[in-house]
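I am opening a notebook on a structure that is new to me, and I will write down each thing as I look it up.

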Amino acid sequence: MAAPKRRKRYSIVVTSDTRKLNANHLALYTPDLKQVVNEVTAGLQANFADVHVEIHDKCPKLNAFGNLPTEVHGICGNTRIAEVGGAPYLFSANHQKQSFSVTDICRAAGVQKGGQPLVFGAATPDPSVENKNGAVVVNLHGVLNNHSRLCVVSDKSGDASPLPMELESAKVSYKSDEDVADEQRKKRKSLEEETLKQTLQQLEEQKQQEQQQQQPQDNDVSLVTQQYTAKISDVARTYSSVTALMRTPWDKDVSLVTQQYTAQDIGCSANLFICDGTNEDAVLYVKVSKRTGALSIVEALRTALKNVKGVGKTTQIGVGGIIRVNKGKVKAYVSNADYVELDHNNQAAVDDTRQMFEIGPKLVIYTTFLTDDPSENNKYHLALQSAACYHWDEEKPHVRVDEGGVFVESATDDEIEYEAYFTLAKYVYRVEDAFYNLAMEKK
């Protein structure tokens, strides 16, 4: 008897000029928002001292609130969540440097060809843009209205972040600790000697110039002294910045850098909310402050919604939203710039690839989350929550501050204040499931 044919896993196939994307989708539970107010309020009150929850029958214009592109005004209309790739790709040498077109992702998620949806959420960067890992805070509408940001880890000199020592054994073709340290010592010594030589030469030349000049009047002495001191200071700063380049490997003295991300492609992993960007539908408004419980605002909301009548097994709620950090600081991480290959199930090793920062206030967070995985036996391997943020001050929109990354939780619980708008997603799309695809490759 012939073996039964195995049912195809993917039900959606989208082909573009560059590649083919496979996807699945499921309908999500969308109760009337007025039916979830009590559960949401109770869940937030268990974790925050001050809680205000209400339903707006019509989503307000969120351009200033959430730095939305000018052509859209809200977070409503044909709402859906799209999860692309995943952690197995990010830590696989054969897959970590692949990229996906946001346009192709939207088509795989049911957006008609030529459509211009609002897309926001978290993603890894397209390696062809920077050849660095990091975090992309996605916020775009079409090709010309891109408010996305790229967050990367740099050392204080501006170079890509060094690889943590704990990951030495996980990275392929990496030099030993002793070899790297010896090279660094030699380079540092050579550079310091050359810089010191140049410093002394400049000081001696300055001294000779001063001696050749006519003796200044009394009222000019102060000016000459200031100019001379300033030049010495310039040399000292140059010497300091040059020697800073030669820090010991894996120095944790790193900084966070953010910049405009204008690319239309993203990396191998993403969690996105896709909608028309209209403001005609109802939204959930939340304002909380002073965290008293163990859960973050996203975790508290997700947990609270699990208590809504009708939620369970394959019937789950999906949410997209924009959260403002008005007061206090939050914890956010950004992956180190180096790509590494490791077991994505080893959480300790994964954590070692990330740098944690305390940032804020004046942040905007773009989030998607599910009460639980609605797929049968979790076969779509859906992430339950994702949130990414960057600095945004509507009163100073052109001021860039190097703050952003993947949101974790509040850092100053007594000071924190969040304000947010949320809407429900009608569908969740699983695009190129990295867990499934890699499992198939091994068979």
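**Ser269 and its surroundings**

I began with Ser269, and, leaving out residues up to four places away in sequence, I found that Ser269 touches Val84, Gly86, Ala87, Ala123 and Thr124, where contact means heavy atoms within 4.5 Å. Ser269 lies in strand β11, residues 265-275; helices (H or I, at least four residues) and strands (E, at least two) are DSSP runs, numbered from the N terminus. Ser269 counts as buried at 16% relative accessibility, since buried means under 20% relative accessible area, exposed over 50%, and partly exposed in between, with a 1.4 Å probe and protein chains only.

I note for all entries that this is a predicted model, in which local features need pLDDT of at least 70 and side-chain atom pairs count only at pLDDT 80 or more, while totals for chains, interfaces and linings use all residues. Residues are numbered from 1 along each chain as its sequence is written, and side-chain values use heavy atoms, with hydrogens and water left out.

**Helix α1**

Which residues of helix α1 are buried? In this helix, residues 37-45, I listed Val37, Val40, Gly43 and Leu44 as buried. They lie on the same side of α1 because they cover an arc of only 135 degrees around the axis, the arc being that of the directions from the helix axis to the C-beta atoms. Asn38 and Gln45 are exposed residues on the face turned away from that buried side. I then looked up what the buried residues of α1 pack against, and found β3 (48-56), β12 (283-291) and α8 (297-305).

**Helix α8 and the cores**

In α8, 7 of the 9 residues are buried, so this helix is largely enclosed by the rest of the structure; Ile297 and Arg302 are among the buried ones.

The largest nonpolar core has 74 residues, and Leu44, Ile297, Tyr418 and Phe422 touch the most other members; such a core is a set of buried Ala, Val, Leu, Ile, Met, Phe, Trp, Tyr and Cys residues joined through side-chain atoms within 4.5 Å. Apart from it lies another core, of 38 residues, including Phe91 and Tyr339.

**Cysteines**

How many disulfides does the structure hold? I found 0 disulfides, a disulfide being a pair of cysteine sulfur atoms within 2.5 Å. Cys59 is in no disulfide, and the sulfur of Cys76 is 4.4 Å from its closest cysteine sulfur, in Cys59, too far for a bond. Cys59 counts as buried at 1% relative accessibility, and Cys76 counts as buried at 1%.
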